[in-house]
Amino acid sequence: MSELDPPVIAPAYQDRRIGLVVGGVIIAIVGFFFVLAALLAPIGQIAAGDGSGQPVAWNVVGSGVCTNLLIAIPAIWVGVGSLLHRRWVRPIVLTVSVLLAASGLFECALLPRVVARTLQRTAAANPLPPAAIAAAQWISLVVMLVLLVVIPALYFWYYGKRDVKLTLEARDPVSRWTDGKPVPLIGACVCLAWGAVYLLGFSLLLRTAFPLFGTVAPPAVSRLLWLAFALFSLYAARGFYRRDRAVWTAYFVVFLAMGASGLFTLHHLGLRELYARSGIPAGQADQILGVLSGLDHAVVAATAALVAGWLGFLLYLRRYFPPAAAEAGSGSAKAI
């Protein structure tokens with residue numbers, strides 16, 4: 001008589017479905033706000049053009065609409081997924097939370113000087129007292145810290161809980177595309193895919209400048225190079241998902257070269273010259289450069305930190321990509 005197998009006992013956990021619903025509703029609401037921003041962007045640009053007497057730059061309007069929709073659609077998708085307790089939501093929320101918190105820290109580091117210069121420009125005829133500028137700096141800093149750092153950190157803390165993971169697995173017992181993949185690897189795939197789609201729209205709608213170690217490529221060549229990098233990023237997202245070591249190596253080398261080229265070009269040309277060669281309308285460029293006046297070195301440092309952070313993350317991901325010899329050995333073992 002054969003011995004009976006012991007029953008499988010599911011691990012005990014606290015059901016977190018209410019928190020998943022609340023978190024999903026908030027994310028979806030944020031997505032709908034970006035839909036509204038996409039709808040209102042053309043109206044604002046038309047009104048600004050009528051007031052200044054300059055023609056409306058429809059390519060800039062289109063890029064703004066696409067950017068808002070590229071944020072809105074994934075946010076609504078993830079929000080609905082959390083409402084429905086889909087297990088693929090967790091790695092995406094964890095990834096986006098880390099990205100928002102990291103970028104929020106960089107933005108908050110530059111924010112006080114940006115706020116001060118903005119107030120000085122808008123109130124040039126009637127300068128504000130230093131106390132008013134300081135108050136505006138502190139208020140804006142606190143608001144941005146809460147929105148871009150504290151709230152993403154809370155999402156990371158909540159969705160990273162073991163109870164949340166087990167709740168999703170219990171309420172969504174079917175196999176999903178995120179199963180069997182480390183969370184950082186899923187995050188990299190999502191970033192690469194989203195960035196590729198953004199670059200496709202960015203390069204098609206705007207006359208973008210592709211940095212080439214101190215100079216920029218001509219407009220037509222720049223557009224082709226950005227399109228090529230966008231398609232390569234899509235290919236890299238697929239390769240990362242499949243844990244292809246050769247794809248990881250190729251992407252790391254390409255991004256390292258592009259990051260070095262972009263930083264050297266930004267430092268060599270400066271923001272004003274780079275904006276001029278990017279084809280950004282003069283009025284819009286003046287507004288941005290007026291706010292960032294004197295912050296060239298800070299922008300270069302922040303950009304360098306972001307590039308270094310992404311490269312460091314890629315090096316961390318390398319552990320999830322088995323060498324080609326190991327893959328071949330595994331395939332041979334399966335065949336036998």
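**View 1. R176 counts as partly exposed, at 26% relative accessibility.** This is a predicted model, so keep that in mind as you look around. Here R176 pairs up with D172 in a salt bridge, and their closest N and O atoms sit 2.9 Å apart. Elsewhere, salt bridges that share partners join D15, R17 and R171 into one network.

**View 2. The side chains of R171 and D15 meet in a salt bridge.** The N to O distance is 3.1 Å. R171 belongs to helix α5 (residues 162-171), while D15 is in the segment before α1 (17-52), so this pair ties together parts that are 156 residues apart in sequence. R171 is partly exposed at 37% relative accessible area, and D15 is partly exposed too, at 31%.

**View 3. R87 and D179 form a salt bridge.** Their closest N and O atoms are 3.4 Å apart. It's another link between distant parts of the chain: R87 is in the loop between α2 (58-83) and α3 (89-122), D179 is in the loop between α5 and α6 (183-205), and the two are 92 residues apart. R87 counts as buried, at 16% relative accessibility, whereas D179 is partly exposed at 28%.

**View 4. Stepping back, the chain has 11 helices and 0 strands.** Of its 336 residues, 36% are buried. Take the contacts between residues at least 6 apart in sequence: 80% of them join residues at least 24 apart. A search of the whole structure turns up 7 salt bridges.

Technical notes: Residues numbered from 1 in each chain as written. Predicted model: local features only at pLDDT ≥ 70, side-chain atom pairs only at ≥ 80, totals over all residues. Heavy atoms only, no water. Helix = DSSP H or I, 4+ residues; strand = E, 2+ residues; numbered from the N terminus. Buried < 20%, exposed > 50% of the residue type's maximum accessible area, 1.4 Å probe, protein only. Contact = heavy atoms within 4.5 Å. Salt bridge = Lys/Arg side-chain N within 4 Å of Asp/Glu carboxyl O.
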